[in-house]
Each structure stands twice: as C-alpha cells, then as structure tokens.
Amino acid sequence: MSQSDWRKSVVYQIYPKSFNDTTGNGEGDLKGIIEKLDYLQYLGIDYIWLTPVYESPMNDNGYDISNYYKINEKFGTIEDLETLVTEAHKRNLKVMMDIVINHTSTEHEWFKQAYADSDSEFRDYYFFKRSSDAQPPTNWESKFGGNAWKYDEKTDAYYLHLFDVTQADLNWDNPNVRHALYDIINYWIDFGVDGFRFDVINLISKGEFKNSEKIGKEFYTDGPRVHEYLHEMNEHTFGGKDLMTVGEMSSTTIEHCIKYTSPERQELSSVFNFHHLKVDYVNGEKWSNARLDFHKLKDILMEWQLGIYEGGGWNAIFWCNHDQPRVVSRFGNDSNETLRKQSAKMLATVLHMMQGTPYIYQGEEIGMTNPGFGSINQYRDIESLNAFNNMKRVGYDEDEILTILGQKSRDNSRTPVQWTNEKNAGFTTGTPWIDIPDNFDQINVKAAIEDNYSVLHTYRDLIRLRHEYDIITYGSIEPLYMEDDELFIYKRHYKDETWLVVANFSKERVSIPKDLDIEGQVMIQHGNISDGLIDGFGTIVVAQ
Ligand code: GLC
C-alpha cells in the first residue's frame, strides 16, 4: 500500500500477553504472534499495532517502560521482533509500535538517577517539586486513583505521576528529554517498523501547576505547547516518511483533533478519542453501573464524524481496545448465541461503514465477550484493583463492586484470545495468567473460520469492502433519523454514489421509518428485513 492510501487501511491491535503463548508460561509472546500471521492475513487487515513489548516491570502491563531499546524477555528477543516484522512484511502486513513517552517506569535509568541524586542532570527530566505546607504541590488526581504526586522524604520533594506511582511523567519542556525521545523513535524507524501509536500523547505539555476544582486535567490535557511538540517530533522523526501514526487522546476536543491530524500541520496521521465510550458512565464516573445511553452514543459519534471530516482531520474509529470492556457485552447482547452473533455483526458494521481508520482489537473479530468474573481474585489490572479498594473504602458492598468491575474493568478485554475449543482455548499449555471465560468451547477462532455465518466472516467482508470501495474511506457522512430510539441510520456520499446504513440497536424487531427508501444493491445484510421491519440487531447496507 502506498503512502497516499494508508487511509484505506484497517488496523488489528495485539495485546501480546494475551495473544498466543508458545513457551507454556501462561503469557503470550512474540513467537506466538509470528505463528498467527497467516490468520491475520486471512482476516485481511493491513497493520498490526503491537502494544508495548519493551523491557518493563509490567506494573501496567508494559505501559511502564524501563528501557525503550530492549525487549521484555518474557515476550522474547529483539531477533524475534525482527522475524516478526520480516514475516509480517512478507504477508503484506505492516507493524506499528506503541510508544509510551508521556512517562517512563520509575525503573528507567533516567528516573533512577534523578531520584537518587537531586543534582543529577536527569532530575529535570521529570517533575520533581517541593511544597511548603506539607501538602502535595497540587491536588491533581492520578488516573488510577489517589493524589498524582508521590513524596520522597530523602529530598523532601514530590514527583508527578498522572498514572501509577511507578509511571513518572516526563518533562517535555526540557529539550534534552524531547531529543532523547526522538532518538528512540528513530531507532525503531531504522529497525523497520511502519508506524506508531502514541500513548496518551495529548498529556505531554503540562501547563500551570495549580490546584484544580476538579481532578486537574484542565492543566495538562491538550496543554499549551502540545501542538508545537508534536510538530517538532514529526519533523525530527517520522515526518515525510511512509509511516502511519495514531495518537491516543485523553478527554480531548474536536478542535484539537483537527489540529493534531490536518496534514498541512504535520503532527500526526490520526487520533483516538474516547467520548463515545463514556455513554455508560454516570455523571462522567467510570466506576458506576449504567446502561448505554443510545442517543448520546449516536450524537457523539456523529458530532465527531462530521466535525473531523469538515475540519480536514482524520479519526481512528474503534469500539474495543485493551482498556475497554468487550463491545458485544457492552452495547450488544451476549445472553445467547443468536443475539451475541447478530449484535456483534451489527456493531461491527455500524463502525466499519464510518469514516476514519478502523481498529479491531484481538478477539473482537470473533465476538469475544466479557468474562463475567465472580471474584476479585480473578482480576489482575492495577486500575481495577485500585478501584476495588477505593470503592470498598468508601462503603460499597463487595457484590456491587464486582458488578461494576464486571461491566467496566480493563481485564474484561485482557483475557486470552480463544483459538480453539481445546484446553485453555488453545492459548497456552500452561496456566494462563488470567482466567479464560468458559464460553471458549463455542466462541473460538477455529469454530468461527468453519462457520460461514460467524462474526469473523462479517469482519472479513467489512475489511474487503473498505479496500474495494472508496466511498467508505473518502465519502462524507449524513446522519439521519437521529431521534429514532432503536435505529442508527446514516448515509455515505462520494462522487455520484450513495450508501445507506440501517442498524437496529435493540433486540426487538422494529419498523424502519416509512419514508426511508432502502432500495438498492445490498452490500451487507444481517437478519431479516421485510414488511418495513428489521430484525433485532439487524443491519443492512445498500448502495443506492
Ligand atoms: C493508555 C494505555 C493504558 C495505560 C495508560 C498509561 O491509556 O492505553 O493501558 O494504562 O495509557 O500508560
């Protein structure tokens, strides 16, 4: 694929720890990914996004990097990664690395030196601040709970960690930090990778260090120099090269995302935002138990589709990743096989017919579900364990907490890929690092390949259509019947073509608006559509 049409591509996200284990230690590895490249080629995707595989104490499963130039030996060796890239390229698959440069692990050499010696040149690589009144420098909260500053008695100073206490924020205002980070990116470009996903990249420019009326994010989200830094990073690293980039943007705005991705500004190719995945939060609070607000979901998706398109930017579109619960359990219905398959196909179609670059998270393509863990002992994720303790402290009862974690925990998507109906779903011969849901006997890749009506075949069809028809990539979007309580309806327009998408988000058979013309060539259809009615979780895409 040439540089000009990276926009037509589809990305598949791999969370190596849960992908495929070849050593029997219960955790996936690079060799395990190499073994499955033929499968990824069969699926039809273009890029693999590899979540972090660098040396790390793994407190946040690799998002806490202690050495950007080394591979975590649990995943394999640098030679394994080389083989992975070469073998991927042979199959026309590209590889994106995950770059975590808002923070490093506190086990990174820079931090170790900064912490040990306040005169060290590395002290200013981080935010070490003193405070006069025995209070942290600001009242900002860590995204994983608690105050975002950690006190160090030895030097009577605090350091900033917007995430875990072992993930110290880097000081991008220091040019030495920025250039050291550009060296890292250039190392991976020379290594031969084809793109990058930048972790929480809109948090890198901290503004004023002041107390907040909320949790502090207004002082560092899309901060004062973020565009300048991203442009500089682009110039010094991937700019002008055949590399695709995507930035993970926390609590961002359309206005900023247009700036991040407008080609003439030379910052990034595309961006993830999360607003559409907060539609089952209560008053913005993730750790709550709520149902999907369907109108809000449609409004947000359409606002971003239109806003980014009209502003000349580029969206990355997704339902799932390693931080989100499984979409079929979340916005679809996993209570029985028929509903699970039908709703997974509907959700896939609604998303893949939109404008932007679609991301598929491992297991999503076979409609994997949340595991339904019944005990806190089954959870592994640091954010979930912190949330459990915090909710306990403020008096929630344990069953209620488990219901909330069952709906929201990041571990919902981190259970191993279900490959077969054999022991441990064919993921490992050892003991998996996290439990595998019982439903692997039915929901697994092998069964999905053999079943012509599987969710997997829908994903393959959607990818093929995107490659074949430019309207999906380049067309404009027109939202329709936004007030409808069950149906998600929109049109795509490109040159003289029009495609119509109608999707039923409810499990009931409902009527299609009488004045909507659904005639045309059927490109995709799931469920029965007749007499002006569409099946529960049914979908249709017609070229008109
Ligand atoms: C991103 C990652 C998440 C990680 C956090 C801190 O949101 O996707 O997994 O915990 O950044 O690096």
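Reader: Before anything else, what does contact mean here?
Author: Contact means that heavy atoms lie within 4.5 Å, and with that cut-off 21 residues of domain 1 are in contact with 18 residues of domain 3. This is a predicted model, in which local features need pLDDT of at least 70 and side-chain atom pairs count only at pLDDT 80 or more, while totals for chains, interfaces and linings use all residues. Residues are numbered from 1 along each chain as its sequence is written, and side-chain values use heavy atoms, with hydrogens and water left out.

Reader: OK, and how far apart are the C-alpha centres of domain 1 and domain 3?
Author: The C-alpha centres of these two domains, whose bounds come from an automatic or database domain assignment, are 24 Å apart.

Reader: Switching to the ligand, which residues come nearest?
Author: There are 14 residues around the ligand, and D60, D199, E248, H322 and D323 come nearest, where a residue is near if one of its heavy atoms lies within 4 Å of the molecule.

Reader: And where does the ligand lie relative to domain 1 and domain 2?
Author: The ligand lies between domain 1 (3-103 + 175-379 + 412-463) and domain 2 (109-169), because both give residues to the shell around it.

Reader: What is 2.8 Å from the side chain of D199?
Author: An oxygen atom of the ligand is 2.8 Å from an N or O atom in that side chain. For H103, the distance from a side-chain N or O atom to a ligand oxygen is 2.9 Å, and a polar side-chain atom of H322 also lies 2.9 Å from an oxygen atom of the ligand.

Conventions
A polar contact is a pair of N or O atoms within 3.5 Å; within protein, one must be able to donate a hydrogen and the other to accept it, and residues adjacent in sequence count only if both atoms are side-chain atoms.
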